[in-house]
Amino acid sequence: MAVLRHAFWLIALLTLAGALLAGSRAQGAAQFEERGGLIVAPLIESATNIARSISDAAQHGGRVQELSSENAALRQQIARLEGENARLRESVITSGQLADLRAAAGAEDVGSTLAAGVVLRDPAPGRDVIVIDRGARDGVRKGQAVLGSGATLIGLVSSVQDQRARVRLLSDPQSAIAAVVQSTRTQTALTGSRDGLRLEFAPIADPISEGDLVMTSALIGGLPGGLLAGLVTEVDRSGQDLFADIKVEPLATYERLEHVLVITEPSRTASGTGTDK
Amino acid sequence: MNVVTGIVLFRLAFACAATLLGVGAALLQLGSTPIWIEQPLAAPVLPLVVIAGWGAARGLGEAVAATVLAAIVLGVASEERAGWFLLAMLPTAVLLLPATALRRWERLLLAPVAAALGVVAFQGLMRFSSGLGALSADQQNQLFEGATWTAAAALVLAVVLAAGGWALRWRPAIDPEAPWRLFE
């Protein structure tokens, strides 16, 4: 009898799972999800705050406030210096090139930005997506670039609701943006994969080496050029392909994102695009 | 109040508690585990703790609503469909099937086993739904860590439930005139 009851519940759950999957394509499903998200988001935010307090208390004992502010200040300083350093190098390289290309790749001014808090990370293992607490009513639009610490690009806005928006991180397997290797000026595509970031279509003959910076390219579409995106960590030219196999490490720590900047209006000197694959 | 009504009400109360716990676990999964554990695969899957722990100690029936609502909470917060989350939680429930033929203490041992294997199946199905391939060596270690955490938590929950459920179990009053009581 107990086995039959257990089997009944299993069949009921299986049927419901099938119904949910089939119903996810229905017209009202997106609306239902959006409303559900609005209800769930504040609850998750509360859970996050509680967890953060417990985590801080456990890690730092009685010096929570002091250490947290010191840590935040140091992180900010490091990020600012990294960004400044890269920008300086970038401006030296671009000084000999055409004025419009220099303006596009320089990124001295990324345009108007909007600060946003990270509400949650997508719990599905295959998705590197975060949800931020700004949405259409704050001027967030699909395709806008999102910056992490040190003004490094961390991803693009992939969908927007009224008060929330999803940001697809560069490491997401569905992410792909136009990129340029700073030292060689090689135009490539920076894509996400399950092993991290990769540079696609970089000719095997180009002298790209470990430690080279990867930045956004302004040659195509609507992304501002010259935004830091990653650092080349491994170059493999041993294959028979025309293109090198290049691994890139992101400059921002994606696991601990708390606040981000959305570029709501890029500076007029830059243009480019980032697309989902 | 007769025995049947008492038992039904008692089970209903426990099912409500399981549902609250399941939803709470899903919220905690979304809000807290990214802060405590950096690698998502190394984090315990808290809704599976509830399914395995509760299902083993008190039967799957009481944890059904918790399973469904936890999957929906995760689904609305994710780009992935809620149906996939529910489907990925099913193997844990299937692994509890032998519990019906086991003695009480044996059922408690089944909870961590179902939870650990359930985590592997959960992550496997979710990765399949996202089109991801096999795990790297690092990721396998992380998954092992996540499964261990989940199993430990499920065992604790099952033991607490078995002890609490036994102490709080409904018994009909000795005095037929007296209202029914939990403690007697």
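How many salt bridges does the rule find across the interface of chain B and chain A? The rule finds 3 salt bridges there. A salt bridge here is a side-chain nitrogen of Lys or Arg within 4 Å of a carboxyl oxygen of Asp or Glu. One of them joins the side chains of R127(A) and E80(B), at 3.1 Å from N to O.

This is a predicted model, in which local features need pLDDT of at least 70 and side-chain atom pairs count only at pLDDT 80 or more, while totals for chains, interfaces and linings use all residues. Residues are numbered from 1 along each chain, chains are lettered from A, and side-chain values use heavy atoms, without hydrogens and water.

**The interface**

Chain B brings 46 residues to the contact, and chain A brings 42 residues. Contact means heavy atoms within 4.5 Å. The size of an interface is often given as the accessible area lost when the parts come together. Here about 4100 Å² is buried between chain B and chain A, and carbon and sulfur atoms give 69% of that area. The buried area is the accessible area (1.4 Å probe) that the two parts lose on being put together, summed over both.

Which helices of chain B supply at least two residues each to the side that touches chain A? The table names them.

| Helix of chain B | Residues |
|---|---|
| α1(B) | 3-31 |
| α2(B) | 33-36 |
| α4(B) | 64-77 |
| α5(B) | 82-95 |
| α6(B) | 104-129 |

Helices are DSSP runs (H or I, at least four residues), numbered from the N terminus. The largest share of this side, 9 residues, comes from α5(B).
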